[in-house]
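This report describes a single protein chain, passing from its overall make-up to selected details.

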Amino acid sequence: FIFILKYGVLSRIIRATDEAVKGENIDWIKQSRGCGKPTKYKIGKTQVVNLADITYLIHVPKAPHYAPDRPLPIVMSHGGWGLSAQEDSLDSGLSGAAEKYGFIAVFAQGYSDNYVQAHPKESWYSFNTIGSTGSTAENPTCESWAGSSNYCYQSCAERCDERGCYWTTCRDSIEAANIILNDVEAKTCIDLSREYVSGQSNGGIFSMRLGAELSHRLAAIAPVSATFTHGFIGTPKYPMPIFDVVGSQDHTVPVNRTNNLSNYALSSDGWRYEPLENVFELWAQANLCPPDTSSTTHFPTPFDNIYGLYCFGYDCNIAPTVRCVWDGAHTYFGNKQPHLHAELIWFLLSSYINPYHIGFGQTITLADNEIPRKQYVPSTIIDNTLLVKQHKEEKNNEVNLRRKDCDSNETLLSFTYGARNASVCAPRIQKCLSPGMSSHPDNGCPYENQVCLSISGAFHCFDTCSPRASSSCSLGASCLLGQLRTSNVGICAYEDYSFTTSGGGGKEYTSYGMKTTS
């Protein structure tokens, strides 16, 4: 078998790669059932598709990229908790990248089967990541002060734990993902060897679950702001390239241990996550990495040093296991520049194939062993010259903002992301109820439209805001995303300004990567 694997399958893929470079026919590209006939989707527009109780958006690029007989790769994206597919399409920037590089972008919408008693006009779209609905009394996935019955979805009504750690739908999100992919395969021309997934926050964690459970179907995954819930690590049956893009200042889904005495990473809203080193140790084994994974190597990208981006991990020959860290919080890469995020994701994913997927999740395999994958040279090389120029211009256009000094009952909290700094005087409260939820009326905060978080061992309240409504913050403040579970809601803070406190000892200390003065 080893002889066949080495000289049969791998050599076949290597030859296919050489042919791709020469522009010749590639015999392992398998066309989906939608090839050879007009697509049922509008070309060049992002449109909504409803399948019973499943909703997704799709963007098929214009000619010359798309033609009925030209199979294209597909990237399926999943938004963060509470985000609709429409919001994910806007914030991820993948529709624009699809037009530029020639792939089909799909945006899955999570289930929202919750009552949302406090916010009847909101829909808390979510994906079942297993760990998000697996908390027990023996293995709780959140702190005793963090859980809330408000998070319990209708599909979880018979299962929600007493502590209130369930926070997504209990419906089968894996089945929904397969239905969407099958629908797209049937209605348009897809390259079945290049089906990719990505997602941010809850959608990123779900992307990791998809990579583990659909390793027979997918070619590569690129989760963002994501790691598994503590105690619920999933690993792929077959090698699965993974590129996990995380912000160094992400405290909503932290990927590093927050306490040397615990074996998990604790978020600012009280949920327990698995340190990424634990995930990658098991994932590297599944990806057939060499036994010694004590050292990592740099994985260069055209985006290196843009917002401090640096990718590193294990090459693993045919299935890289890579972490990409940047100077950001719990947001898409690029600080509100969707094109940066989209081009990074496409660069990471587009070099990998799964030549054994033949459609609708069916595969050709060599017994029950690994499905080999080999690098595939993309047809378009990304030029980072313009990206670097735009990044520098954005930094030069930053505006210094001002605000009052802190009162005695407030704590000065400063957030640092690369060259950017933002600070806020946050009121301290005795107890935080429903932490991380967007302005819950019973969370213990003194004012409406505030959210509470645990930072540096104390509970604090923050004004919430929408990034698409500049008037939602006080005069001079900015809407800072990446601090809450709801990715489309931010907290108000003031950029690049020195604060003083009118009360307290003025002692400075660092915790959770945030500089605080009390």
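**Overall make-up**

The model is predicted. Its chain contains 8 helices and 22 strands. Of the 518 residues in the chain, 59% are buried. Carbon and sulfur atoms account for 49% of the accessible surface, which comes to about 21100 Å² in total. When contacts between residues at least 6 apart in sequence are considered, 66% of them join residues at least 24 apart.

**Salt bridges**

The count of salt bridges comes to 9.

| Salt bridge | Distance, N to O |
|---|---|
| E343 and K100 | 2.9 Å |
| R272 and E143 | 2.7 Å |
| E195 and R217 | 3.0 Å |

The salt bridge between E343 and K100 links distant parts of the chain, for E343 belongs to helix 7 (residues 338–349) and K100 to helix 3 (residues 94–101), 243 residues apart. The two partners can be classed by their accessibility. E343 counts as buried because its relative accessibility is 7%, which is under the 20% limit for that class. K100, at 47% relative accessibility, counts as partly exposed.

The side chains of R272 and E143 also meet in a salt bridge. R272 lies in strand 9 (residues 272–273), whereas E143 is in the loop between strand 4 (104–108) and helix 4 (173–187), so the pair ties together parts that are 129 residues apart in sequence. Here both R272 and E143 are buried.

A further salt bridge joins E195 and R217. E195 is in strand 5 (residues 190–200) and R217 in the loop between helix 5 (202–213) and strand 6 (220–224), so that the pair links distant parts of the chain, 22 residues apart. Both E195 and R217 are buried. This pair is also part of a network of salt bridges in which E185, E195 and R217 are linked.

**Two individual residues**

L218 is placed in the loop between helix 5 and strand 6. With a relative accessibility of 0%, L218 counts as buried.

I358 has its place in strand 13 (residues 357–359). At 40% relative accessibility, I358 counts as partly exposed. Which residues does I358 touch, not counting residues up to four places away in sequence? They are K30, L192, T363 and I364. From I358 to K30 the C-alpha distance is 6.5 Å, although these residues are 328 apart in sequence.

The structure holds 1 cavity of 30 Å³ or more. The space in the largest cavity is about 80 Å³. The lining consists of 14 residues, of which A108, Q109, F127, A176 and I180 are the closest to the centre of the cavity. Strand 2 (54–59) and helix 4 each contribute at least two residues to this lining. Helix 4 supplies the largest share, with 4 residues. By type, the lining of the largest cavity divides into 8 nonpolar residues, 5 polar residues and 1 charged residue.

Definitions and conventions
Residues are numbered from 1 along each chain as its sequence is written. This is a predicted model: local features need pLDDT of at least 70, side-chain atom pairs count only at pLDDT 80 or more; totals for chains, interfaces and linings use all residues. Side-chain values use heavy atoms; hydrogens and water are left out. Buried means under 20% relative accessible area, exposed over 50%, partly exposed in between (1.4 Å probe, protein chains only). Contact means heavy atoms within 4.5 Å. Accessible areas come from the Shrake-Rupley method with a 1.4 Å probe; for residues, only the protein chains shown count as cover. A salt bridge is a side-chain nitrogen of Lys or Arg within 4 Å of a carboxyl oxygen of Asp or Glu. On a 1 Å grid over the protein atoms alone, a cavity is a set of points where a 1.4 Å probe fits but cannot get out, and a pocket is an open set with protein on both sides within 12 Å along at least five of seven lines; lining residues have an atom within 4 Å of a point. Grid points are joined across faces, edges and corners, and a volume is the space filled by probe spheres set on the points. Ala, Val, Leu, Ile, Met, Phe, Trp, Tyr, Cys and Pro count as nonpolar, Asp, Glu, Lys and Arg as charged, and the others, Gly among them, as polar.
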